[in-house]
Amino acid sequence: QLQPLGEEIPATGEAELTMRINGTFTPTMYADTLVAVSGRAIGENYATLGASPHVALADFVVPELLPRAASFAGDADLRAGKIEGELLIERAAQEKSISHYNIYWRNATGPRGALAGVVPAMGFSVPTCFGSSCDLVSIDQEGGVHILDRAAYGNGEDATIAVSGPGEVLITRFSTEAYYDTMTVAGQVLSGENDTMLPRRLELAEGPGEIMWQSDGSVTAGGWTLRIVQEGEVAAFHVEATAPPADGLEVISAFGENEFEGEGLWVKLEDQTESMPPSPAFKPAAVTFQDVHPSVGVISGNVSVEPAAGAVEGGVTSYRVSFGNAQGEPIGEGWALTADGASTVRLFLPATEVPESAVQLLARAAGAHGLSAAFAATPLVDIYPSPPSNATWSG
């Protein structure tokens with residue numbers, strides 16, 4: 001189906017006619033071609049691709065944002081002068097103006113070198129609030145987890161949080177007026193007191209999504225807390241084993257042939273050898289923990305540490321688990337676990353008071369030459385029973 005663009009161009013007998021588009025327009029969804037057809041007072045010819053004159057319709061976009069961060073996950077090739085590993089790219093907060101990220105070899109100073117590779121965008125979006133009550137909703141980030149919190153709320157609140165999936169929403173606190181004050185997450189409407197069901201996990205489907213919050217004009221309660229983890233927030237680009245032609249890599253946002261106007265993010269590549277503590281490439285693949293202690297401010301339960309691929313070859317002989325603050329700095333000595341090759345290792349943590357600044361548990365690899373600074377982390381969720389914050393009687 002044809003969508004007219006601008007006014008008709010009068011036939012003047014000239015060999016070439018020009019129509020100038022002096023403003024923006026929104027083409028019909030999926031339109032990718034401009035077609036020219038001839039006509040007269042009683043109608044116009046049919047358009048036929050291949051027969052009618054046509055040109056590809058390309059949207060000209062310049063990326064608005066850079067990636068939020070980029071880092072090298074560590075050298076997995078322990079030969080001196082050789083580099084292999086994962087370049088980690090924390091996607092831009094909004095990828096609506098980004099089709100991909102270009103990766104170039106580059107020294108700390110000087111021009112870009114050759115293109116090392118490309119990482120596609122996925123339409124990612126961090127949790128972003130829209131609505132009249134957004135200034136009342138706290139949105140923070142700790143250790144890769146987006147934390148949304150609304151304390152004791154008021155009447156007539158309205159907020160919608162746009163967020164992309166796939167991912168998971170963990171509800172750790174929820175108290176609203178039953179039936180009338182509601183939150184919709186992943187198509188499920190939540191309302192009332194849900195303490196006996198917490199923590200509750202809901203899956204975010206792939207693609208754009210929304211979390212909607214509304215309160216009516218009477219009766220309020222204690223509010224809610226959500227912890228959101230989004231898959232794909234960090235993209236990985238594998239650097240094949242090579243003698244690097246530069247001492248680092250530059251990452252820059254792109255849309256088609258257009259790149260972000262300005263410099264990208266530069267990442268230094270550290271060469272790792274066998275005479276050093278375990279490379280960051282061999283930090284634990286994951287650490288998990290679930291609190292089973294009922295007291296506030298005290299945790300206890302099983303912690304599991306999953307080794308990274310190649311940890312044995314990387315010289316990992318043990319792991320250390322400790323509390324960590326929001327910046328990933330360890331707090332206290334923690335607990336030691338002996339490595340068991342490529343198998344997951346487990347330890348039961350005895351009842352322990354949580355330090356004031358601790359928000360996560362960290363797991364680091366150790367070897368014959370010391371303890372690695374790189375770590376895997378899991379959010380520290382202190383589970384405890386709590387009484388309802390509000391009670392009403394309907395008569």
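Reply: What follows is a set of questions and answers about sheets, single residues, a surface patch and salt bridges.

Me: Before that, what kind of model is this, and how are its residues numbered?

Reply: This is a predicted model, in which local features need pLDDT of at least 70 and side-chain atom pairs count only at pLDDT 80 or more, while totals for chains, interfaces and linings use all residues. Residues are numbered from 1 along each chain as its sequence is written, and side-chain values use heavy atoms, with hydrogens and water left out.

Me: What is Thr184 in contact with, leaving aside its neighbours within four places in sequence?

Reply: Contact means heavy atoms within 4.5 Å. With those neighbours left aside, Thr184 is in contact with Val189, Glu210, Ile211 and Met212.

Me: What makes Ile9, Leu17, Met19 and Ile21 a patch?

Reply: Patches are made of residues with over 30% relative accessible area and no salt bridge; like charges are joined within 9 Å, and nonpolar side chains (Val, Leu, Ile, Met, Phe, Trp, Tyr) within 5 Å. Leu17 has a relative accessible area of 40%, so this residue is partly exposed. Leu17 sits in the segment before β1 (33-35). Together the four residues form a nonpolar patch on the surface with about 320 Å² of accessible area, computed by the Shrake-Rupley method with a 1.4 Å probe, where only the protein chains shown count as cover for residues.

Me: How do you know that β5 and β6 pair?

Reply: Two strands pair if DSSP finds at least two bridges between them. Four bridges join β5 to β6 (residues 83-90), and the two run antiparallel. One of the bridge partners is Leu88 in β6, which goes with Ser71. In general, strands of a sheet pair through backbone hydrogen bonds, either parallel or antiparallel.

Me: Why are β5 and β17 said to stand at the edges?

Reply: The sheet is open and has three strands in the order β5-β6-β17, paired antiparallel. β5 (69-72) and β17 (234-242) each have a single partner strand, so one side of each has no neighbour in the sheet.

Me: What is the order of the open sheet that holds β22?

Reply: That sheet has three strands in the order β21-β22-β25, with antiparallel pairing. Its edge strands are β21 (286-289) and β25 (345-353), each of which pairs on one side only. Strand β22 (residues 298-306) and β25 are joined by seven bridges, and Val303 stands opposite Leu347 in β25.

Me: What makes Glu250 and Arg106 a salt bridge?

Reply: A salt bridge is a side-chain nitrogen of Lys or Arg within 4 Å of a carboxyl oxygen of Asp or Glu. The closest N and O atoms of Glu250 and Arg106 are 3.5 Å apart, and the two form a salt bridge. Glu250 lies in strand β18 (residues 248-255) and Arg106 in the loop between β7 (100-105) and β8 (115-120), so the pair ties together parts that are 144 residues apart in sequence. Both Glu250 and Arg106 are buried.

Me: How many salt bridges does the structure hold?

Reply: The structure holds 11 salt bridges. Among them is the pair Glu157 and Arg150, at 2.6 Å from N to O. Glu157 counts as buried because its relative accessibility is 4%, and Arg150 is buried at 11%. Elsewhere, salt bridges with shared partners join Arg106, Arg112, Glu250, Glu259 and Glu263 into one network.

Methods. Buried < 20%, exposed > 50% of the residue type's maximum accessible area, 1.4 Å probe, protein only.
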